[in-house]
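Here is a short report on strand pairing and charged side chains. Look at the structure first, then read on.

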Amino acid sequence: MKKLFYSIASVAMLFGATSCSDNNDEPGNVPGTPQVNDLHFDIFVSIDGAGGMASQSSILVLSVNSLEDPDAKYDFVNAGTDITASLYEESITKGEYYYMVPKSEDCFGKYQITPQGVKTIQERPFTKNTFKSRRYCHAWTGDNTLVIIGSNGDNGSKSDKGEILWTKYDTSGTGLSIIEEGTLGLNGYEGENGPIVYFSTSGLARYRKSDNTIIYAFQDKKDEDGFYVAFIDASTMKYRKIVYTDAAEMMAGTAYGELLQNKMAFDQNENLYIACNSVIDGAASTTCQKGSILRINNGSDEFDKSFNSYSGNQGKIVTIDYIGSNKMLLYIQDPNHCGLGDNTDKSIWGSKYNCYYAILDMTNNNLEPVKYNGSDLPYCLGTFSQRSLVVNNKAYIGVNPEQSAPCIYVMDLNNWNVTKGSTIADGYTFDMIRYLGKDL
């Protein structure tokens, strides 16, 4: 059986042109999608198993200038950089740099991954607040201002005294310095089921520039029916309002923020979409889930209760990427759709070829599998991955078919035309792709 090529974390959107509804955008920059200069891609693969979570697999990274050459086949023999000893795949990227708590767990660092090895730009030891590797979320509140948010301690039991910590970093130039740090003061907050003292490890955070607000989603781990969103003034780091929703049981990411996978997305109007999941009624395990997408409109401190997209569809939402024209690229785990049986059966979840890519038209809730030359893309293996990437008016999707080589497809977001791009050599688990460069 082919190794799990599943995580081309940045190859996002490949779905066949015939499966999209008409796009009224004029050629040019697609609203709501990133534009980047001096672009290159870093491809992450693992050896002897998938990366992410508690994986002990070796991680290799190869930098390439393009994912679009159908004649290119990327191999890691005598190529790529081994980051296993020092860095994680779970990271923050902006411009030319990676940011993360490294494996040493004694600092927050700024790095480059080069063909010659990992280059440490700056490492800032923790002072007041300490964060565990991979267990935090983040928000950029300016070009050079990065806010890290996560719960304290190991949060290992429901009796722990919990609190949400934050640290604000200045990332200007090659520097990395602490601006300020503190807590959100949420310990004991009176939630739906009493005072909250046991929080989700990280939660999810995004910055809404229009009103200088960090929107932070978190869960009371004693509450299995819904989750909370705090609206935080990015200047003072004080929350002005907290709201609760039971329209879904959980946001799609709780422990690892968006360090590996995209769980939230803004559209061009700065409306925020949050991928969510709930346990399927009658399922044998909480592993069996179905998704939904909730929305917080720009300028609002409430969920838009009139909006609940993807509802009525089966399958767990793994990742989301906004692609313009009120459409979202989804990576979905849905064993039933992939022909494995009833989704209430735990045995058909997990490490199976039970995932696929689809385009959701949020105008009419229409969901169409991604297609190439009129056929659906092959079903994929792997849920702890980010294979979608949207940049410079193109979307990329990497697939790891069971019967053929991993490959990348490219969609032009101005005309929805899909072409086949580069391939990855057999023998690796494809975990992630990131783009790096200078923002336009």
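Arg208 is buried, with a relative accessible area of 0%. This is a predicted model, and the values here are computed from it. The partner of Arg208 in a salt bridge is Asp211, with the closest N and O atoms 2.8 Å apart. Asp211 is partly exposed, at 28% relative accessible area.

**Salt bridges**

Side chains of opposite charge can pair when their charged atoms come close. The count of salt bridges in this model comes to 12. Three of them are described here, including the pair Glu90 and Arg134.

Arg240 and Asp301 form a salt bridge, their closest N and O atoms lying 2.9 Å apart. This pair links distant parts of the chain, 61 residues apart. Arg240 sits in strand 18 (residues 239-245), while Asp301 lies in the loop between strand 22 (289-296) and strand 23 (316-322). Arg240 is partly exposed, at 41%. Asp301 has 17% relative accessibility, so it counts as buried; the cut-off for buried is under 20%. Arg208, Asp211, Arg240 and Asp301 are linked in a network of salt bridges.

Glu90 and Arg134 meet through their side chains at 3.5 Å, N to O. They too come from distant parts of the chain, 44 residues apart. Glu90 is in the loop between strand 4 and strand 5 (92-94). Arg134 is in the loop between strand 8 (117-125) and strand 9 (137-142). Glu90 is buried at 2% relative accessibility, and Arg134 is buried at 7%.

| Salt bridge | N to O distance |
|---|---|
| Arg208 – Asp211 | 2.8 Å |
| Arg240 – Asp301 | 2.9 Å |
| Glu90 – Arg134 | 3.5 Å |

Another open sheet has 5 strands in the order 3-33-32-31-30, with mixed pairing. Strand 3 (73-74) and strand 30 (388-391) are its edge strands, and each pairs on one side only. Strand 3 runs parallel to strand 33 (residues 418-424), and 2 bridges join them. Here Tyr74 stands opposite Ile424 in strand 33.

Methods:
Residues numbered from 1 in each chain as written. Predicted model: local features only at pLDDT ≥ 70, side-chain atom pairs only at ≥ 80, totals over all residues. Heavy atoms only, no water. Pairing = 2+ DSSP bridges. Helix = DSSP H or I, 4+ residues; strand = E, 2+ residues; numbered from the N terminus. Salt bridge = Lys/Arg side-chain N within 4 Å of Asp/Glu carboxyl O. Buried < 20%, exposed > 50% of the residue type's maximum accessible area, 1.4 Å probe, protein only.
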